[in-house]
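User: Can you walk me through this model? I'd like the overall build, the helix packing and the ligand surroundings.
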Amino acid sequence: MDIRVIIPTYNEKDNITELVSRILALPVEARVIVVDDNSPDGTGDVADQLAAQNPRIKVIHRAGKLGLGTAYIAGFKLGLAEGADRLITMDADFSHDPAYIPALVNLSQHYHITIGSRYIPQGGVVNWEWQRRFLSWGANAFARASLGLKANDCTAGFRCYHREVLLNIDLDRIFSNGYSFLVEMLFKCQRQGYQVGEIPIIFANRERGQSKISQREIYKAMYTVMRLALTRFLPLRHVPISTLPPLPTGPDNSKNLVEKPASHS
Ligand SMILES: Nc1nc2c(ncn2[C@@H]2O[C@H](COP(=O)(O)OP(=O)(O)OP(=O)(O)O)[C@@H](O)[C@H]2O)c(=O)[nH]1
Ligand SMILES: [Mg+2]
């Protein structure tokens with residue numbers, strides 16, 4: 001199976017080398033696509049040096065900070081063009097521990113999208129002050145309530161998509177670009193009828209580098225959710241969806257680290 005891990009970066013020089021080497025050392029064979037927006041700290045050059053040493057690494061350079069959503073899309077398009085079966089997205093700052101990647105891929109046998117979730121039993125967040133916890137929890141609750149999303153962590157950026165999902169969702173028609181891109185993608189996937197599963201992750205606050213989330217992003221995300229809510233009951237273009245084997249019941253499930261996958265009809 002061809003697995004690509006897409007890592008958008010903006011000023012992640014202190015993280016990217018170690019992160020990529022940990023991904024390449026995983027027991028699942030994954031390739032890496034770094035999408036760098038001309039980071040002023042030179043992350044793009046560091047990524048180029050890594051790519052020069054290892055053909056499993058590719059770098060997409062964009063002219064400037066064009067946003068997280070279009071960074072994911074650029075990575076998806078390259079991965080799809082090169083025949084990827086599974087496309088994983090994750091942050092560069094070690095908030096998403098690459099050690100969870102095998103479990104995400106494993107669970108993707110049963111779900112079209114799998115999410116590394118903070119908000120299911122055994123998941124959680126460490127080293128976040130209460131304001132940040134409250135913001136994340138509130139954003140998630142607002143998105144779930146307004147859009148009827150069934151996943152427990154709708155704003156998580158640690159995901160594994162099947163190729164089929166990204167081919168059938170019209171990526172060029174996604175209007176949000178910042179952090180709300182994640183909510184919009186999930187909304188479109190659920191509406192289309194794709195199955196979503198979750199594994200619990202412990203999300204660690206970044207130790208190196210700076211956060212890029214701003215007040216403006218928060219307002220933009222609220223606007224996105226409200227705008228999407230208006231489209232909730234519009235007719236949909238139907239696409240054929242593959243049937244995946246259901247998750248087996250029984251004690252074996254613990255191997256998948258699955259405590260409570262989002263239940264979807
Ligand atoms: N290419 C690209 N990457 C971005 C952009 N904005 C953020 N990123 C990357 O997206 C990932 C998530 O961004 P963070 O700044 O960690 O945002 P966050 O995780 O919501 O915030 P913190 O909890 O403060 O870390 C990181 O890998 C960033 O480097 C962007 O405009 N372009
Ligand atoms: Mg982060």
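Analyst: What follows covers those topics in turn.

Analyst: First, the ground rules. This is a predicted model, in which local features need pLDDT of at least 70, side-chain atom pairs count only at pLDDT 80 or more, and totals for chains, interfaces and linings use all residues. Residues are numbered from 1 along each chain as its sequence is written, and chains are lettered from A and ligands numbered from 1 in the order in which they are written.

User: How many helices and strands are in the protein chain?
Analyst: The protein chain has eight helices and nine strands. These are DSSP runs, numbered from the N terminus (helices: H or I, at least four residues; strands: E, at least two).

User: And what is the radius of gyration of the protein chain?
Analyst: It is 17 Å, which agrees with the value near 18 Å that a compact globule of 265 residues would have. The radius is taken over C-alpha atoms, and the globule rule is 2.2 Å times the number of residues to the power 0.38. The C-alpha trace spans about 45 × 40 × 40 Å along its principal axes.

User: Helix packing next. At what angle do H5 and H8 pack?
Analyst: Helix H5 (residues 130-147) and helix H8 (residues 215-230) pack at about 15 degrees, with axes 9 Å apart. That makes H5 roughly parallel to H8, a label for angles under 35 degrees. Axes are lines fitted to C-alpha atoms, for helices over the stretch in contact, and angles run from 0 to 180 degrees between N-to-C directions.

User: Which residues make that contact?
Analyst: From H5, Ala139, Phe142, Ala143, Ser146 and Leu147; from H8, Ala221, Val225, Met226, Leu228 and Ala229. Contact requires C-beta atoms, placed from the backbone, within 7 Å. By class, the contact of H5 with H8 has nine nonpolar, one polar and no charged residues. Ala, Val, Leu, Ile, Met, Phe, Trp, Tyr, Cys and Pro count as nonpolar, Asp, Glu, Lys and Arg as charged, and the others, Gly among them, as polar.

User: Which residues of H7 meet H8?
Analyst: Val183, Glu184 and Phe187 of H7 meet Ala221, Thr224, Val225 and Leu228 of H8. The contact of H7 with H8 has five nonpolar, one polar and one charged residues. The axes of helix H7 (residues 181-192) and H8 come within 9 Å and cross at roughly 20 degrees.

User: How do H1 and H2 cross?
Analyst: The axes of helix H1 (residues 13-24) and helix H2 (residues 43-53) come within 9 Å and cross at roughly 20 degrees. Lys13, Ile16, Thr17 and Val20 of H1 make the contact with Thr43, Val46, Ala47 and Leu50 of H2.

User: Now the ligand. How many residues surround ligand 1?
Analyst: Ligand 1 is surrounded by 20 residues, the closest being Pro8, Ala71, Ala92, Ser211 and Lys212. A residue is near the ligand if its C-beta atom, placed from the backbone, lies within 6 Å of it. Strand S1 (3-9), strand S2 (30-36) and helix H3 (68-81) are the elements that give two or more residues to this shell.

User: What is the shell's make-up by class?
Analyst: Eight nonpolar, four polar and eight charged residues.

Definitions and conventions. Angles under 35 degrees count as roughly parallel, over 145 as roughly antiparallel, 65 to 115 as roughly perpendicular and the rest as oblique. Two residues are in contact if their C-beta atoms, placed from the backbone, lie within 7 Å.
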